[in-house]
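Hi everyone, thanks for coming. Let me put the sequence and the model up, and then we can walk through a few spots together.

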Amino acid sequence: MTTLSTAAWAAHEVGLATSIGGTIFGQMGLDPAIQEISSPAERDRVQTKAWRRFSYVNLAAHGVMAATWFAGRAMLTGNEVSKDARTLTMVKDGLVIGSLVSGLACNLFGHLLGKRTDEGLGPNELADRAGAEAEAEKTHKLQKFVSTTGTINLLANIAVLGVTTMLAMQGNKSARFPLRSRKLP
């Protein structure tokens, strides 16, 4: 495999690692640690600022992961691999698209949630405010949607990583793929 193809594969993996690792850190490390901040408004601001910063990196990671995958797919016909590898390739196509859609949705609605926080309508701040039940319900629904799409995105990215590994193993078994992959840029 040539230098450009190797670099693209590495970039693909770094994109996945960034998205998976960042999301796991945010969900399992940052979000629970934020609860140590005593002020509800400050919890919302810190959480929003952190997720907002990561969202740009996460979007770039998704872009790199998808661009490298689809660029590589455009260079091969599918005849280079086995029937099982072709099936896995189609599965990965769907997972990459699912990752992009869920990643974009999570980021878009996360930014909307961040705007609500900027307006003093964050989830922690509203939880303690009497008479704001309607606004709290809107924020809660938005937060639930962001959380759900974030989890779906995380699972899609983990599945992409798993299928990528399975495809690499299939490539090692193939007699045709090593010959064709030498012709990749």
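Let me begin with a term: buried means under 20% relative accessible area, exposed means over 50%, and partly exposed is in between, using a 1.4 Å probe and protein chains only. Before I use it, some housekeeping: this is a predicted model, where local features need pLDDT of at least 70 and side-chain atom pairs count only at pLDDT 80 or more, while totals for chains, interfaces and linings use all residues. Residues are numbered from 1 along each chain as its sequence is written, and side-chain values use heavy atoms, with hydrogens and water left out.

His12 sits in helix α1, where helices are DSSP runs of H or I with at least four residues, numbered from the N terminus. With a relative accessible area of 4%, His12 is buried. What does the side chain of His12 reach? The backbone oxygen of Met65, at 2.9 Å; a polar contact here is a pair of N or O atoms within 3.5 Å, and within protein one must be able to donate a hydrogen and the other to accept it, with sequence neighbours counted only if both atoms are side-chain atoms. Leaving out residues up to four places away in sequence, His12 touches Val64, Met65, Thr68, Trp69, Lys92, Val160 and Thr164, contact being heavy atoms within 4.5 Å.

On to His62, which is in helix α2. His62 counts as buried because its relative accessibility is 4%. Its side chain reaches the backbone oxygen of Asn58 at 2.8 Å. Beyond residues up to four places away in sequence, the contacts of His62 include Ser19, Ser99 and Asn157.

So how do those two helices sit together? The axes of α1 (residues 3-34) and α2 (residues 40-74) come within 8 Å and cross at roughly 160°. That makes the pair roughly antiparallel, the label for angles over 145 degrees. Their crossing is left-handed, and by class their contact has 14 nonpolar, 12 polar and 2 charged residues.

For contrast, let me turn to Ser147, in helix α5 (residues 133-173). Buried or partly exposed? At 42% relative accessibility, Ser147 counts as partly exposed. From C-alpha to C-alpha, Ser147 and Phe109 are 9.9 Å apart in space and 38 residues apart in sequence.

Terms used. Axes fitted to C-alpha atoms, helices over the stretch in contact; angles between N-to-C directions. Parallel < 35°, antiparallel > 145°, perpendicular 65-115°, else oblique. Left-handed = near helix turned anticlockwise from the far one by under 90°. Nonpolar A, V, L, I, M, F, W, Y, C, P; charged D, E, K, R; others polar.
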